[in-house]
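Subject: Structure handover

Dear colleague,

I am passing on to you the structure that we talked about, and I would be glad if you opened it beside this email while you read. Please go through it slowly, stopping at each place I mention.

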Amino acid sequence: MRALVLEKKGELAIRDIQLDDRVGPEDVRIQIHTVGICGSDVHYYTHGRIGSYVVEAPMVLGHEAAGTIIEVGTDVTDLRIGDRVCMEPGVPNLASRASKLGKYNVDPAVRFWATPPIHGVLRPSVVHPAAFTFKLPDNVSFAEGAMVEPFAIGMQAAAQARIRPGDVAAVVGCGPIGIMAALAALAGGCAKVYISDVSAEKLAIAGSYDGIVPVNIRNESLASVVARETDGWGADVVFEASGNPKAFADLFAIVRPAGAVVLIGLPVEQVVFDVTGAIAKEARIETVFRYANVFDRALALIAAGKVDLKPLVTGTYSFEESIIAFERAASGRPTDVKLQILVEG
Ligand SMILES: [Zn+2]
């Protein structure tokens, strides 16, 4: 089948590739409609690796996808041919100890699309377990369906934070994941979410949502804005979504006593943070690795109109234009949040 293949670092090709895709009894075959370009796809393209994951053989990119079921396995009862769906790209071993804990995202055996050596979904069709395939409500488009994967990280972050109604949150970093965390925090009951960055363009996109207050740290630090707005008390929840080691310096100055700090961004190097400041507040530290058990909830929020991801799709390309789309994503326009590729259509 024709796919977008990362041949090696810096080299993409649209070409035929032989992919094993037999439909097992518990699988479905999905005709791919829309695929979002993720920062990780771009990073494999520009750097050939993410941490210990190294591209050592040609790999199909893409893991944020929605499409239509065209074949169902013999034991699949809850999905039918013609269903519009989105897919959770990580498939764990459901018999693993992590899965039994309900934390299947940290199963060491997870196979995740477009993470070497597993092929991604920028191709006409894919076979996937029905258990990780989710029907789109009628009022949710394919474009929104393909946004569920990045939004799921925000959902996981909000769940890890254990938000209570009326919480005030602060998000460090206004990239796609920071915005997703802010939207999930609002949907999860936060009264207000402050979000910080140095990019006025990115902050303007986030600030267009009711309840999200942009803070440009070129003018004033997030800690001082939050302190002023909360009478010196601090934010109930702080999400670190920048991965910038410098952000850790005053992370615990932002959170209120006994509040939560949720780490989402991945710093490339080890970071230094104020342990004493964290302990003095008895701050709770949580981490986010992908997501578990949130796709259905994300879809419910989108279908209910409580979360609108449509404004975040800032460019759509045909499959034949995939490489142009990747070049644009790699150029990192500050006005771009999510670029998508129409595989079918
Ligand atoms: Zn992604």
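Predicted model: local features only at pLDDT ≥ 70, side-chain atom pairs only at ≥ 80, totals over all residues.

The zinc ion is coordinated by four residues, namely Cys38 through SG, His63 through NE2, and Glu64 and Glu149 each through OE, at distances of 2.2 to 2.6 Å. If you follow these donors along the chain, you will find that their spacing is C-x24-H-E-x84-E. Two of them, Cys38 and His63, lie 25 residues apart and link distant parts of the chain: Cys38 sits in the loop between strand 3 (27-36) and helix 1 (39-47), while His63 sits in the loop between strand 6 (59-60) and strand 7 (64-72). Cys38 and His63 are both buried.

What is the geometry of this site? The angles among the four donor atoms of the zinc ion run from 87 to 171°, and the site is classed as irregular. As a point of reference, the ideal angle for four tetrahedral donors at a metal is 109.5 degrees. A site with four donors counts as tetrahedral only if all angles lie between 85 and 135 degrees, so the angle of 171° rules that class out here.

By type, the lining of the second largest pocket is made up of eight nonpolar, six charged and two polar residues.

In general, most peptide bonds are trans, and most residues other than glycine have a negative phi. Against that background, Pro116 and Pro117 are joined by a cis peptide bond, with omega at about 5°, and Pro117 belongs to the loop between strand 10 (111-112) and strand 11. Asp231, although not a glycine, has a positive phi of about 55°, and its place is in the loop between helix 7 (222-229) and strand 16 (235-240). Glu282 is not a glycine either, yet has a positive phi of about 45°, and its place is in the loop between helix 9 (275-280) and strand 18 (284-287).

Are Asp231 and Glu282 buried or exposed? Asp231 is exposed, because its relative accessible area is 77%, and Glu282 is exposed as well, with a relative accessible area of 67%.

Finally, here are two residues on the other side of that division. Phe319, in the loop between strand 19 (313-318) and helix 11 (322-331), counts as buried because its relative accessibility is 10%. Leaving out neighbours within four places in sequence, Phe319 is in contact with Arg2, Ala3, Leu4, Ile14, Leu122, Ile341, Leu342 and Val343. Glu286, in strand 18, also counts as buried, at 14% relative accessibility. Not counting residues up to four places away in sequence, Glu286 touches Gln160, Arg162, Val261, Val262 and Leu263.

How values were computed:
Residues numbered from 1 in each chain as written. Heavy atoms only, no water. Nonpolar A, V, L, I, M, F, W, Y, C, P; charged D, E, K, R; others polar. Donors = N, O, S within 2.8 Å, 3.2 Å for Na, K, Ca; no water. Tetrahedral: all angles 85-135°; square planar, octahedral: opposite > 155°, others 65-115°. Helix = DSSP H or I, 4+ residues; strand = E, 2+ residues; numbered from the N terminus. Buried < 20%, exposed > 50% of the residue type's maximum accessible area, 1.4 Å probe, protein only. Contact = heavy atoms within 4.5 Å.
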